[in-house]
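I opened this entry to log what I looked up, one stop at a time. The notes follow the order in which I went.

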Amino acid sequence: MSSLNPEHLIEQAERLIVAPPHGPPRQVDLRRAISSAYYGVFHFINAAVANELVGAIHQQSGRYQLVYRSVDHSALALVCGDLIKPSPPQRYLDCLPTSGLGADIRTFSATTRELQQKRHQADYDPKPRIRTADARGAIELGYEAMTSFQRASEAERKLFLTLLVCPPRA
Amino acid sequence: MVEPGFDSEGDDAFDVTIVLDDARLGGAELGRILLAVQTALLREGDKRFPIVTFTTEDELALDVEPEP
């Protein structure tokens, strides 16, 4: 087990949205909960990439760390956004199955993109009032992103990770 | 409720508010809803991203000033 368990970030989010004895949870706690829900998914996919390319048994190595940290948010947003399109961009066509991707990888992509947007708003936009139900929804989406990725076939998981770290050239 | 908004890159987006009833929706159902909404917009050629906010009738009824 890595020193950072992605599910613990989402469990942390669950603790943050518990209402105090009086009144609703603080805005900062609800915002941190949404952020933690996204970062749980982000670390989950970073670990999946490093486990695939380097191997989980090497997670204390410098090479594992390099690969783990190679994924950035914009690359994740790009591949997730492209894979939910009804007709993925031409550059993907040699890589994708002719029957298209299954619902699980597409659900992972949709929920991850949504969490990215919600995380950005929670972390940087002071205006909206965050409600508990919204933070709870983000937590559910975090769990669902991980679950749907794990539900996908091994071939589709490997394909997703490959496209993430080796995006096809236009 | 749907209103125009902006995504994290400053591009046009939709702010979509989904009002849940008392029953708590699970992640699988929320995931299916998101995938359906995102793909339906893309199928219509609308590239605006739907940023979804969840709330409940109770929260809307109790809308008060936020805790700092």
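**Sheet in chain B**

I began with a strand pair: E1(B) and strand E2 (residues 12–20) of chain B run antiparallel and share 5 bridges. I bear in mind that this is a predicted model. I then picked out one bridge: B:Phe6 has B:Asp12 in E2(B) as its partner.

Next I looked up the whole sheet. It is open, has 3 strands in the order E1-E2-E3 (chain B), and its pairing is mixed. Strand E1 (2–6) and strand E3 (49–56) of chain B are the edges; each has a single partner strand, so one side of each lacks a neighbour in the sheet. Neighbouring strands are turned by 35° against each other on average, direction ignored.

What packs on this sheet? I found helix H1 (residues 27–43) of chain B there, touching E2 and E3 of chain B. The direction of this helix makes about 145° with that of E3(B).

**Helix H1 of chain A**

I moved to chain A and its helix H1 (residues 6–16). Which residues of this helix are buried? I noted A:Pro6, A:Leu9, A:Ile10 and A:Ala13. They span an arc of only 95° around the axis, which puts them on the same side of H1(A). I kept the helix rule in mind: with 3.6 residues a turn, an α-helix points residues three or four places apart the same way.

I then checked what covers these buried residues. The cover includes helix H2 (27–53) and helix H6 (132–151) of chain A. I also looked at the start of H1(A). There a side-chain oxygen of A:Asn5 comes within 3.0 Å of the backbone nitrogen of A:Glu7.

**A:Leu76**

I picked A:Leu76, which lies in helix H4 (residues 73–83) of chain A. Is A:Leu76 buried or exposed? Its relative accessibility is 0%, so I count A:Leu76 as buried.

I listed its contacts, leaving aside neighbours within four places in sequence. A:Leu76 touches A:Tyr38, A:Phe42, A:Ile45, A:Thr112, A:Gln116, A:Phe160 and A:Leu164.

**Chain A against chain B**

Last, I looked up the interface. It takes 27 residues from chain A and 30 residues from chain B. The area buried between the two chains is about 2,700 Å², and carbon and sulfur atoms give 59% of it. Which residues of chain A lose the most area to chain B? I noted A:Glu114, A:Gln117 and A:Arg131, together 23% of what that side buries.

Conventions: Residues are numbered from 1 along each chain as its sequence is written. Chains are lettered from A and ligands numbered from 1 in the order in which they are written. This is a predicted model: local features need pLDDT of at least 70, side-chain atom pairs count only at pLDDT 80 or more; totals for chains, interfaces and linings use all residues. Side-chain values use heavy atoms; hydrogens and water are left out. Buried means under 20% relative accessible area, exposed over 50%, partly exposed in between (1.4 Å probe, protein chains only). Helices (H or I, at least four residues) and strands (E, at least two) are DSSP runs, numbered from the N terminus. The arc is that of the directions from the helix axis to the C-beta atoms. Contact means heavy atoms within 4.5 Å. A polar contact is a pair of N or O atoms within 3.5 Å; within protein, one must be able to donate a hydrogen and the other to accept it, and residues adjacent in sequence count only if both atoms are side-chain atoms. Two strands pair if DSSP finds at least two bridges between them. Axes are lines fitted to C-alpha atoms, for helices over the stretch in contact, and angles run from 0 to 180 degrees between N-to-C directions. Buried area is the accessible area (1.4 Å probe) that two parts lose on being put together, summed over both.
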